[in-house]
Amino acid sequence: MLNTIWTAVLYKPLYNALISLISHIPGHSVGLAVIGLTVLVKLALFPLTRKSITSQAKLKALEPEINKIKEQYPQKEVQAQKTLELYKEYKVNPFSGCLLILIQLPIIFALYYVFFKGLDFNPKMLYSFVQFPKIMNMDFLGIAMNGKSIVLAILAGVTQFIQAHLSTSLPKKDPNQTGFASSFSQSMNIQVKYILPLIIIFIGYKVSAAVAIYWVTSNTFTIVQEMFVRRKMKKEGVLALK
């Protein structure tokens, strides 16, 4: 049931969009179609992504105040209460960023799956008004999109590292902050920043150049987006939250 809904609502529309782009792009370039569809989806998700980045930046800006609360109120219950009051004062929802990311995940996964599986080009998946292109140019900058490319795979890993560097931080471990939550957060940051790029390099090379170029495009777009939003927030004043 869920698989049928996922296919009908997400995978099939994106698959048809890819085929349509291949049909209309000059030269019928699969590589350009992959880049084009990735950019279009990222643009459509930009309002949600912008809110997520803004929420994370505001939470980061409130960290000094949260640290003061931890110093002044050793009791965990009081800390939680005072922290919630601080969020309410500045109208910050600590869970909104995660919620917005969760909303985007099915769309991002479906887009990835289109490039992972979609290059098999199944005409049965097409809508009646979408014509299957007679010519499909798999060559992009001398790289076969249905083949493997170590160069694109490495670029995917590098851009993922840059993106993680912008969106996560690895602060020095505070000896006063112990326990599972602190260790888990530190561990997750390390894995996102250093381990995930290596995994992406491996998958990007093993699967196909189309998947690798999708990751390069998606990561590059996110890097530019992150820099744009944070620069705008800096001009406006991040702590002007009320």
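1. Starting with F116: this residue is partly exposed, at a relative accessible area of 38% (buried is under 20%, exposed over 50%, partly exposed in between, using a 1.4 Å probe and protein chains only). Y112, by contrast, counts as buried at 17% relative accessibility.

2. Before going on, a word on what we're looking at. This is a predicted model, in which local features need pLDDT of at least 70, side-chain atom pairs count only at pLDDT 80 or more, and totals for chains, interfaces and linings use all residues. Numbering runs from 1 along each chain as its sequence is written, and side-chain values use heavy atoms, with hydrogens and water left out.

3. On confidence: pLDDT is the predictor's confidence in each residue, from 0 to 100. The chain has a mean of 82, with 86% of its residues at 70 or more. Helix α2 (residues 30-44) has the highest confidence at 94, while helix α8 (residues 180-206) has the lowest, at a mean of 73. Helices here are DSSP runs of H or I of at least four residues, numbered from the N terminus.

4. I'd flag residues 170-182, where pLDDT stays under 50. The model has 11 contacts beyond four places in sequence for that stretch, a contact being heavy atoms within 4.5 Å.

5. Now the aromatics. Searching the whole structure turns up 16 aromatic pairs. Rings of Phe, Tyr and Trp (its six-membered ring) pair if their centres lie within 6.5 Å; planes under 30 degrees apart are stacked, over 60 edge-to-face, and the rest tilted. W6 and F109 make a tilted pair, 5.8 Å centre to centre with 45° between the planes. That pair links distant parts of the chain, 103 residues apart: W6 is in helix α1 (residues 2-24) and F109 in helix α6 (residues 96-117). F109 is partly exposed, with a relative accessible area of 46%.

6. Back to F116, which forms a stacked pair with Y112: 5.9 Å between centres and 15° between planes. Both sit in helix α6, four residues apart, or about one turn of the helix. One aromatic cluster takes in W6, F109, Y112 and F116, along with Y11, Y15, Y113, F115, Y214 and W215.

7. Y205 has a charge over its ring: the charged end of K148 sits there, 5.8 Å from the ring centre. The cut-offs are NZ of Lys or CZ of Arg within 6 Å of the ring centre and within 35 degrees of the ring normal.

8. Lastly, Q79 in helix α5 (residues 76-89). Q79 is buried, at 11% relative accessible area, and beyond its neighbours within four places in sequence it contacts I69, K70, Y73 and P74.

Notes: Helix = DSSP H or I, 4+ residues; strand = E, 2+ residues; numbered from the N terminus.
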